[in-house]
Amino acid sequence: MEWEKKQAKKTFNFLAAALIIYNLIFGFVVFGIDLIEISTLLFIVDDMQWDQAAEIVYHSGIGLSIGSIVGVIIVGLIMRQAPSFEKRRLADVNTIIIFYILMQAIQLLGNYILLPMEFLVYWAGYSFEEATTAASQVSDLFSSFIYSVAVAPIAEEILCRGIVMKKLEKYGKSFAVLISAMLFGLLHQNIVQFPITMMIGILFGYLAQKYSLKAAILLHVLNNVSVEMVGILGERYAIVWTLDILFLHFCVVASVVILWKKRDVIKEFCKRQEQKNPALKWFFTTPFMLFTIVYFLFLTIKSITPF
């Protein structure tokens with residue numbers, strides 16, 4: 001047991017280091033690509049001002065795309081873990097629809113969870129406004145749209161489910177799903193997104209384990225496409241927002257029915273191996289991992305801004 005504990009903590013330390021390095025590399029690459037883009041615009045466009053070029057580049061998504069890809073590769077190398085695209089079961093259309101409904105319900109419930117938090121923050125003189133804007137901002141350029149609906153979901157699923165979750169599965173499958181979901185939420189560094197992405201991360205993790213990583217990627221892509229399309233259409237037709245709210249509430253009701261029918265499967269998943277699983281204790285008593293969690297929590301809380 002002592003040897004297993006030592007090996008587990010070693011893995012958790014590597015994971016902590018990989019996540020911090022990922023964040024630093026991502027930021028460095030994005031900054032570098034953005035600088036190249038700005039310089040190119042200033043060179044080829046007459047009378048282009050720095051602020052104008054910076055505004056265009058901020059919405060381009062090119063730096064974010066390259067940063068995501070490079071970051072995922074770096075984490076994979078550090079963790080010595082290649083993502084597995086093995087198909088365990090076929091995720092048919094019916095399965096994807098069920099998980100999509102559950103995902104939409106989680107988003108609405110997540111928003112309700114945020115309400116008391118937002119009230120307390122408002123009472124203290126702070127706001128979720130910037131975090132909300134960043135979380136719901138619609139892509140202005142085609143390149144940023146591609147990042148939102150393709151590069152980001154693929155990179156995030158390969159990172160969180162394909163690498164992190166896969167590496168942690170030897171300590172328990174449910175443990176791997178929950179921890180990777182928590183880290184997935186923290187990596188967004190946005191207080192508005194954190195509870196929602198963490199809960200959806202559990203859904204993605206379960207889908208990746210039971211079906212395949214490709215199925216989780218598909219669901220993630222569908223989610224981001226939905227967000228983009230609702231935002232784009234909502235700017236033109238006000239009724240879209242009303243229809244979206246009605247659809248989300250329908251998904252909540254449908255989810256209750258789905259979860260009731262699948263209650264035995266859920267019970268089995270919850271008790272699969274979590275009874276007295278020492279990995280959970282080892283994980284949260286690894287100093288470097290605790291430091292990493294606090295580090296990303298700080299960046300998440302930092303998205304709360306004063307009036």
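Arg 161 is buried in this predicted model, with a relative accessible area of 2%. Its side chain meets that of Glu 157 in a salt bridge, 2.7 Å from N to O, and Glu 157 is buried too, at a relative accessible area of 0%. The charged end of Arg 161 also sits over the ring of Phe 184, 4.4 Å from the ring's centre. From here, let's go through the charges, the aromatic rings, the nonpolar cores and a few residues in loops and helices.

**Charged side chains**

- Side chains of opposite charge can pair when their charged atoms come close.
- The count of salt bridges in the model comes to two.
- Arg 161 and Glu 157 are four residues apart in helix α6 (residues 142-168), so about one helical turn separates them.
- Glu 169 and Lys 166 also meet through their side chains in a salt bridge, with 3.7 Å from N to O.
- Glu 169 counts as buried at 15% relative accessibility, while Lys 166 is partly exposed, with a relative accessible area of 26%.
- Which side chain of opposite charge is nearest to Lys 9, a buried residue with no salt bridge? That side chain is Glu 2, and it is 8.8 Å away.
- Lys 9 has its place in helix α1 (residues 2-44). Setting aside residues up to four places away in sequence, Lys 9 touches Trp 282, Thr 285 and Thr 286.
- Another charge over a ring is found at Arg 263, which lies over the face of Trp 260 at 4.0 Å from the ring centre.

**Aromatic rings**

- Searching the whole structure turns up 14 aromatic pairs.
- One of them joins Phe 99 and Tyr 206: the ring centres are 6.2 Å apart and the planes are at 25°, so this pair is stacked.
- Phe 99 lies in helix α4 (residues 93-123) and Tyr 206 in helix α8 (residues 194-210), so the pair ties together parts that are 107 residues apart in sequence.
- Both Phe 99 and Tyr 206 are buried.
- How do the rings of Phe 99 and Tyr 211 pair? The pair is edge-to-face, with 6.3 Å from centre to centre and 85° between the planes.
- Tyr 211 lies in the loop between α8 and α9 (213-236), whereas Phe 99 is in helix α4, so this pair ties together parts that are 112 residues apart in sequence.
- Like Phe 99, Tyr 211 is buried.
- Elsewhere, Phe 12, Tyr 171, Phe 175, Phe 283 and Phe 284 form one aromatic cluster.

**Nonpolar cores**

- In soluble globular proteins, nonpolar side chains tend to be buried together.
- The largest nonpolar core here has 69 residues. Among those with the most contacts inside this core are Phe 12, Phe 175 and Phe 283, which also belong to the aromatic cluster.
- Leu 168, another of the residues with the most contacts in that core, touches Phe 12, Leu 15, Phe 175, Ala 176 and Ile 179, leaving out residues up to four places away in sequence.
- A second, separate core has five residues, including Ile 38, Leu 41, Met 48 and Ala 53.

**Residues in loops and helices**

- Lys 87 is found in the loop between α3 (62-79) and α4, and at 58% relative accessibility Lys 87 counts as exposed.
- Apart from neighbours within four places in sequence, Lys 87 is in contact with Tyr 211 and Ser 212.
- Ser 255 is found in helix α10 (residues 239-261) and counts as buried, at 6% relative accessibility.
- Not counting residues up to four places away in sequence, Ser 255 touches Ile 101, Leu 102 and Ala 105.

**Positive phi angles**

- Asp 47 is a residue other than glycine with a positive phi, near 65°.
- Asp 47 is found in the loop between α1 and α2 (50-58), where Asp 47 is exposed, with a relative accessible area of 72%.
- Gln 189 is not a glycine either, yet has a positive phi of about 55°.
- Gln 189 has its place in the loop between α7 (173-187) and α8 and is partly exposed, with a relative accessible area of 25%.

Notes: Residues numbered from 1 in each chain as written. Predicted model: local features only at pLDDT ≥ 70, side-chain atom pairs only at ≥ 80, totals over all residues. Heavy atoms only, no water. Phe/Tyr/Trp six-rings, centres within 6.5 Å; stacked < 30°, edge-to-face > 60°. Helix = DSSP H or I, 4+ residues; strand = E, 2+ residues; numbered from the N terminus. Buried < 20%, exposed > 50% of the residue type's maximum accessible area, 1.4 Å probe, protein only. Lys NZ or Arg CZ within 6 Å of the ring centre and 35° of its normal. Lys, Arg positive; Asp, Glu negative; His and termini not counted. Salt bridge = Lys/Arg side-chain N within 4 Å of Asp/Glu carboxyl O. Contact = heavy atoms within 4.5 Å. Core = buried A, V, L, I, M, F, W, Y, C linked by side-chain atoms within 4.5 Å.
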